[in-house]
Amino acid sequence: METRVNQIKLNGLTFQYRETGEPTSPPIVALHALGTSAESWNQVAAVLGENYRVLALDQRGHGGSARTSKYSFELMSEDLLHFANAMNLERFILMGHSMGGTVAYLFSETFPTRIERLIVEDTPPPFQGKPIEIPSKPTDILPLDWEVVPSILQQLNEPNPEWWFRLTDITMPTLLLGGGSSHIPQHKLEEVSKIIPKCEFVTIESAGHFVHDDNLHGFLSAVKSFLDS
C-alpha cells in the first residue's frame with residue numbers, strides 16, 4: 001500500500017502529512033505521540049489503507065511540520081481543525097496515541113459533530129498525579145523542536161480539570177485501547193471508559209505504551225472489530 005507524503009499550509013504554517021489509501025475511502029486522521037511523527041503509523045496505515053483513507057499528521061514541532069514558538073494541546077487541537085477543514089473532511093474517524101490521544105479527546109469534546117468514531121491508544125486526559133520531571137535539553141540533533149517537550153509536560157503536570165469534566169461531551173462511539181504492560185495507570189483508562197457514554201475499553205496483552213508497535217496484530221484486530229461494528 002503506497003503512502004504519499006504531502007505538505008499543506010494551515011493558518012500560515014506548513015504541516016506535513018502522510019496519506020495512505022484511496023481519496024474516496026472513509027477518512028481516518030491519525031495523531032502520533034510526543035517525540036515521534038506521522039511515520040509511526042506506517043504499519044497501521046498499510047493495513048487500514050486497504051479500506052480507509054488514512055491521513056497521519058505530523059503535529060506542530062514534529063517531523064516535517066512547522067517549528068513554532070508555542071506548543072499546547074489546545075493549539076494542536078486547533079491545527080487539527082484547520083487540517084480537517086483544508087482537507088474538506090466534514091466528518092471523520094479520529095485516532096490518537098499518547099499526546100495525540102489527548103489532542104483527540106480535546107477535539108472530540110469541542111467538535112463532537114465532526115467525529116464519526118474515536119480511537120484512543122493508551123492515554124487518559126492529563127490528571128493530577130506524581131509530577132513528571134522536565135528533562136534538560138539533550139545535546140544531540142533531535143527529530144523535533146525540543147520546546148515541545150517542556151511545554152507538553154508542563155500541561156501534564158498542571159492539567160486542565162475541564163478535560164475530564166467534558167468527557168461526557170464525547171458522544172460518538174469510542175474505543176479506548178490499553179497496553180497490558182504499559183506504565184500508564186490502566187485504572188484511569190477504565191475510569192475514562194465509564195464516563196464517555198459509548199466507550200469500549202480493550203486491553204491489548206503483550207504490549208506496553210506503544211501498543212501498535214508492540215502488538216500490531218492485537219491493535220489492528222481490536223480497531224477493525226470496532227470499525228466494523
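This is a predicted model: local features need pLDDT of at least 70, side-chain atom pairs count only at pLDDT 80 or more; totals for chains, interfaces and linings use all residues.
1. The helices concerned are α2 (residues 73-86) and α3 (residues 99-110). Their axes come within 9 Å and cross at roughly 70 degrees. The two helices are therefore roughly perpendicular to each other.

2. On the α2 side, the contact uses Phe-73, Glu-74, Met-76, Ser-77, Leu-80 and Leu-81. They meet Met-99, Thr-102, Val-103, Leu-106 and Phe-107 in α3. By type, the residues of this contact are eight nonpolar, two polar and one charged.

3. Asp-79 pairs with Arg-60, with the closest N and O atoms 2.7 Å apart. Asp-79 lies in α2 and Arg-60 in the loop between β4 (53-57) and α2, so the pair ties together parts 19 residues apart in sequence. Both Asp-79 and Arg-60 are buried.

4. The whole structure holds eight salt bridges. Among them, Lys-194 and Glu-190 meet at 3.7 Å, N to O. These two sit four residues apart in helix α6 (residues 186-195), about one helical turn. Lys-194 is exposed, at 66% relative accessible area, while Glu-190 is partly exposed at 38%. Arg-166 and Glu-162 form another salt bridge, at 3.5 Å, N to O. Glu-162 is partly exposed, at 39%.

5. Arg-4, Glu-19 and Arg-53 are linked in a salt-bridge network. Arg-53 is also in contact with Ser-25, as are Asn-51 and Tyr-52. Ser-25 is in the loop between β2 (13-20) and β3 (27-31). Its relative accessible area is 15%, so Ser-25 is buried.

Conventions. Residues are numbered from 1 along each chain as its sequence is written. Side-chain values use heavy atoms; hydrogens and water are left out. Axes are lines fitted to C-alpha atoms, for helices over the stretch in contact, and angles run from 0 to 180 degrees between N-to-C directions. Angles under 35 degrees count as roughly parallel, over 145 as roughly antiparallel, 65 to 115 as roughly perpendicular and the rest as oblique. Contact means heavy atoms within 4.5 Å. Ala, Val, Leu, Ile, Met, Phe, Trp, Tyr, Cys and Pro count as nonpolar, Asp, Glu, Lys and Arg as charged, and the others, Gly among them, as polar. Buried means under 20% relative accessible area, exposed over 50%, partly exposed in between (1.4 Å probe, protein chains only). A salt bridge is a side-chain nitrogen of Lys or Arg within 4 Å of a carboxyl oxygen of Asp or Glu. Lists of a residue's contacts leave out its neighbours within four places in sequence.
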